[in-house]
Structure formats: C-alpha cells, structure tokens
Amino acid sequence: MRTSESAAPNNPWPAVRFVVNGEARIVSIPPMKRLLDVLREDLQLTGTKEGCGEGECGSCSVRLSGELVNSCLVPVLQADGAVIQTVEGLALNGKLHPLQEAFLQRGGAQCGICTPGMLMAAAHLLDHCPNPDLAQIREGIAGNLCRCTGFIRIFESVAAATSAQSAGSATTLTTEQSHHAR
Ligand code: FES
Ligand code: FES
C-alpha cells in the first residue's frame, strides 16, 4: 500500500492519517477543515461534489469506515484512522463498477453534480441489500437529492445494476478494496 504525504515542511498542523481508496494518506491541515474540502483541495479527489454544503443534498456522500456520510459535515479530524471510499474508488483496475456502467447505459448520470453522491449511496445500499426492490432503492438514496432532472432514470440505473451485484461483481470489488485498504 502506498503512502502519500501532502503536508508541507514546517506545517504547524497536526497530522491526520487515513486510507482513501486503498491508499494511506497523511495530511497536516486545520483539524476542523471539512473532509469534503480535504478530499477536493488537498487530495485532488474532485469527484466528490458540493451541492448545499449543509448536509441536505447528499452530493458530497462518501463512505467513512463503512458508513455513508455527508463529507461536508465531517471535520477531517473525525476521519483520523478511518478507511474512506470516494467515487474514484468505485472503479477497480480500470473497470467501472456495475453501478457506474448502469448509470451510463440507463441515463442515470444526468447533471454530474448529484451523480457521485448517488453512486456512493447506491453502492452502500447494494452492499447491504443486493437485490433491492423499488421501495428499498428509493429509501437507499433518500438522502440524495436531484434538483433538476428527476429520479426515474436514477432508480432504473440502480435496479439495472442489481443483477450484476447478484452475480457477485460488486461484492468482489468491495472485498478487494477492503484488502487494499489494510
Ligand atoms: S454538499 Fe454535503 S449534503 Fe449537500
Ligand atoms: S441534480 Fe443531478 S441530475 Fe438532477
């Protein structure tokens, strides 16, 4: 596992250590800086998007040690020692996650702002509920808002990905990523 250090020499801030998408990272930054901003500004993981900045829209969703969180509400200090997965960590070895394939094929990738959060929420859902029905899909991404185009294609995309999940693809990805994160 590679370790990257983004702290500048003589940086006065305490080091915060975590694993992001299988890579150990150390950052020395103000401890109350939002995880969203650390991901985007300090680690250049700009796939995670900011919508509301207030914990309402889910655009900034990432997984933090197995929990789906709004990264705009998480001070980076809270991530010390955590294992983080962002949307960049869904694809593995150049192969898109079944959800990403489904969003592309079914038109679930609409405006681009909400999509990464939708994908993370859906991945979290499928890891816990491999064959969700429509009600479970709705509930699973209830914390993620589309404010422009509508949810139908997003629901259809998640439903389409369940067959691949049932075949074991997404579970395998998650297991491998967990392995990388050790
Ligand atoms: S930007 Fe974090 S919930 Fe909206
Ligand atoms: S807000 Fe992204 S598709 Fe509507």
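This is a predicted model: local features need pLDDT of at least 70, side-chain atom pairs count only at pLDDT 80 or more; totals for chains, interfaces and linings use all residues.
Residues are numbered from 1 along each chain as its sequence is written, and chains are lettered from A and ligands numbered from 1 in the order in which they are written. Local features need pLDDT of at least 70, side-chain atom pairs count only at pLDDT 80 or more, and totals for chains, interfaces and linings use all residues.

Helices (H or I, at least four residues) and strands (E, at least two) are DSSP runs, numbered from the N terminus, and two strands are taken to pair if DSSP finds at least two bridges between them. Strand β2 (residues 15-20) pairs with β3 in the antiparallel sense over 6 bridges, with R17 having I26 as its bridge partner in β3. The hairpin of β2 and β3 has 2 residues between the strands, and N21 takes a positive phi near 50° there. Strand β2 also pairs in the parallel sense with strand β6 (residues 83-85), over 2 bridges, and V20 stands opposite I84 in β6.

In helix α1 (residues 35-42), the buried residues (20 or more other C-beta atoms within 10 Å of their own, with C-beta atoms placed from the backbone) are L35, L36, V38 and L39. These buried residues pack against β3 (23-28), and just after α1, Q44 takes a positive phi of about 55°.

R63, in strand β4 (residues 61-64), is buried because 23 other C-beta atoms lie within 10 Å. Residues up to four places away in sequence not being counted, R63 touches L68, I84, Q85, M120 and H124, contact requiring C-beta atoms, placed from the backbone, to lie within 7 Å. R63 and H124 are 61 residues apart along the chain, and their C-alpha atoms are separated by 7.9 Å.

Key: A residue is buried if 20 or more other C-beta atoms lie within 10 Å of its own, exposed if 12 or fewer, and partly exposed in between; C-beta atoms are placed from the backbone. Two residues are in contact if their C-beta atoms, placed from the backbone, lie within 7 Å.
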